[in-house]
Amino acid sequence: MPQLGESIAEATIVDIKVKPGDEVAVDQEIIDVETNKAVMGVTTPCKGKIEKITAQLKETYPIGSVLGYVEASEADAARFKKQAPPPQTVAEEIPARADQEVKPARQEKVAARDGDGARPGGLPVPATLKGASFVSPRVRARMAELQLTPADLAAITGTGAGNRVTIKDLENFLHKIDSQSVKEASAIRAGVADAMRRSWTRPLSTVGSSVNLDPVLQDRQSRDTKPGPGLYATRALALALAESPTAAAKLIGNRVVQSNSIDVGVAVEAEDGIMVPVIRNAEKTSLADLVKKYQELVDLARKRRISPDMQAGGIATVSNFGTFGVEWGTPIPLPDQTLLLGLGAGKKVPSWDETKKEFVPKTEAQITLSFDHRSIDGGGAARLLKRVIELLEEPSKL
Amino acid sequence: MSITYLEAIREAQARLLRDDERVFIYGQDVGGTFGGAFKATKGLAKEFPNRVLNTPISEDAIVGTAIGAAIKGMRPIVEMQFADFSSTALNQILNHAGTHYWRTNIPVPITIRLPSGGTKGSGPFHSQSMESIYAHYPGLIVMTPATVEDAYTMLIDAVAIDDPVVYCEHKYLYYHLKADKLPDKGLPTGRARIAREGRDLTIVTYSAMVQESLAVAGELARENLEIEVVDLRTVKPLDTDTVLASVARTGRLLCVGESFPWGGATAEVIARVTSEGFHLLDAAPVRINAKDTPIPYHPNLWSAHRPGAKMIAAKARALLKE
């Protein structure tokens, strides 16, 4: 079994195109194998006659296993030997082993492979066996030393038992990284990464709808402070949550925890990361005051003067990613919050007007609500989002 | 020249008797022309008159007498006919020899030779391995030599040590194991030995099981599996550093001992590695011991009761797949 690609450890025989006695040319495709990436052909190493094919259809073999033998002239064989690829196998010298410790369910499969060779650094084990997600104490200790998390290991294809990541895999991976350009992550980048990773341990889901932004844009003209659509959304979310505060409750163990105040975070892009300062009692803060508060917080965030206290304690967050020109997204709630409201960019669309019986122009935006599905269901999230949309379409009340 | 494990023990005693007039040998039928049940003292009574002494059949009295002689400055070597019989002398060994220095500041430099371990057809009273019992108690050093060379130098070290030493010699190795010549000096007492280097799995073992484990390591090498074999040499003191260093190299630990499975030397090794070196492990450590029943007479039952190369190989392969 040749090396079929960098991260390929084994392949399954899907077709054998020759039989013993067939004359073959050099580099002739004689066996088709399937990996998790593609079907590929195994070619003859040199010209000669097929002596026997030991590989079985539908069986999976690790890289370096013997699949069969080609009878070749000494000259051809000598030429091939010089070109032999590195993962040399000594499989033909290994007698089949009677492994008494293998459980009966596994026995057949393991026995089928036993004669075919041990791959370097590990034994051939079917990928379906336990262990693929197992991290040994040794690998765990090395990860702790390097401050790595399981998410960092996602890029490594394990070569150990049951495809688990071995210490060798980890060291090889780290070695490869060193040949690329590497710099320390900033504290804020590391902080965002940590928060997102922790948040992603939860079952997150998103609902979305379109919202007519024209009322907001008109209302905005009538206000001196010219609040942005993101702040209208913040205000609308705060009022909607004040009406049904259980929507933002958190589940901790078997307990439902609900905050005493409606504190809403607003996502602010800072250099190399995101900060989420919190507006306290947002439902009691007028839109005009929100503008002032928001501007102060943005200034502080840009200067990186937002203290941890100012980012703590929110029950939901608003992300106005529409300012980047994108129409929709599925933002991830902060790890200590259940909800995140995302507002996309507004765009003029033709909208059917039932009374006029014609299409009329309308500024429409997509609004999405991501939620922790442990705490709230699709229906609850949809009702909250619908209420936010209603409020946004009657902005004079905000 | 070829010398067996048993001959090495006799040579060591001859050298001790020759070099140090405080040394004498004390045991059942060790003197006269008989030379002990296994002939470990054959010829010594003639060469060293009045220093190779027969005793009554009372292990308790033998050890008690030897302790008294040691307190008075002698260096007695006590031979038990079988390790199993030393249980009759437990009170003298554990409560007197083991505690004397700590109570009085007067050392008790006795060496108790225990012909240990199983041989075919020997049954429950002539096959036991007692090292774990003695290692459990403070004040004793417990030696378990696995090679001809160690059998020789460790017995010489045992007599030189001021603490009481329980020297467990394995009967299975008496005639099987041979060496070309005897060294003058071995590793220091309490230092384990890397009997074979490897990178995939550490087998920690001692006494006859070292030989079984080395056979397994040779067998698995043909499958590209590199087994490191650590020979503890003394189960007490236990060389935790060497064991941890080996596990750091391999990430996998298999402990093999011939004694009964409840507690004991193998359990102690695993306890130390898991508490001090948990971060070194790629898989849960595995332990192989005899079965938890009295040792059977019938050769087939005995073979199944005692850990052997076949079982060690199977467990090693399974552990490498973990």
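In chain B of this predicted model, seven strands form an open sheet of mixed pairing, in the order β3-β2-β4-β5-β7-β6-β12. Strands here are DSSP runs of E with at least two residues, helices are runs of H or I with at least four, and both are numbered from the N terminus. Two strands pair if DSSP finds at least two bridges between them. The edges of the chain B sheet are β3 (52-54) and β12 (234-236); each has a single partner strand, so one side of each is left without a neighbour in the sheet. On average, neighbouring strands of this sheet are turned by 20° against each other, direction ignored.

Residues are numbered from 1 along each chain as its sequence is written, and chains are lettered from A and ligands numbered from 1 in the order in which they are written. Local features need pLDDT of at least 70, side-chain atom pairs count only at pLDDT 80 or more, and totals for chains, interfaces and linings use all residues.

**Chain B: sheet and helices**

Within the sheet, β4(B) (residues 75-79) and β5(B) (residues 111-116) run parallel and share three bridges. I77(B) has T111(B) in β5(B) as its bridge partner. Two helices lie across strands of chain B. Helix α3(B) (residues 59-71) covers β2 (23-27), β4 and β5, at about 170° to β4(B). Helix α6(B) (residues 148-160) lies across β2, β4, β5, β6 (141-143) and β7 (165-170), at about 165° to β7(B). Axes are lines fitted to C-alpha atoms, for helices over the stretch in contact, and angles run from 0 to 180 degrees between N-to-C directions.

Packed helices are described by the angle and the distance between their axes. The axes of α9(B) (residues 240-250) and α10(B) (residues 265-276) come within 10 Å and cross at roughly 65°. The crossing is right-handed, meaning that the near helix is turned clockwise from the far one by less than a right angle. T240(B), V243(B), L244(B) and V247(B) of α9(B) meet V269(B), R272(B), V273(B) and E276(B) of α10(B). Contact means C-beta atoms, placed from the backbone, within 7 Å.

Chain B as a whole has twelve helices and 14 strands. Of its 322 residues, 53% are buried. Buried means 20 or more other C-beta atoms within 10 Å of a residue's own, exposed means 12 or fewer, and partly exposed lies in between, with C-beta atoms placed from the backbone. Among contacts in chain B with a separation of 6 or more, 78% join residues 24 or more positions apart.

**Chain A: strand pairs**

An open antiparallel sheet of three strands has the order β2-β5-β7 in chain A. Its edge strands, β2 (23-24) and β7 (68-71), each pair on one side only. In chain A, β1 (residues 10-16) also has antiparallel partners, as the table shows.

| Strand pair | Sense | Bridges |
|---|---|---|
| β1(A) and β6(A) (residues 60-62) | antiparallel | three |
| β1(A) and β3(A) (residues 29-34) | antiparallel | four |
| β2(A) and β5(A) | antiparallel | two |

T12(A) has T60(A) in β6(A) as its bridge partner. I13(A) stands opposite V33(A) in β3(A).

K52(A) belongs to β5(A) (residues 48-53). K52(A) counts as exposed because it has 12 C-beta neighbours inside 10 Å. Leaving out residues up to four places away in sequence, K52(A) touches P20(A), G68(A) and Y69(A). D22(A) is 30 residues from K52(A) along the chain, and their C-alpha atoms are separated by 9.7 Å.
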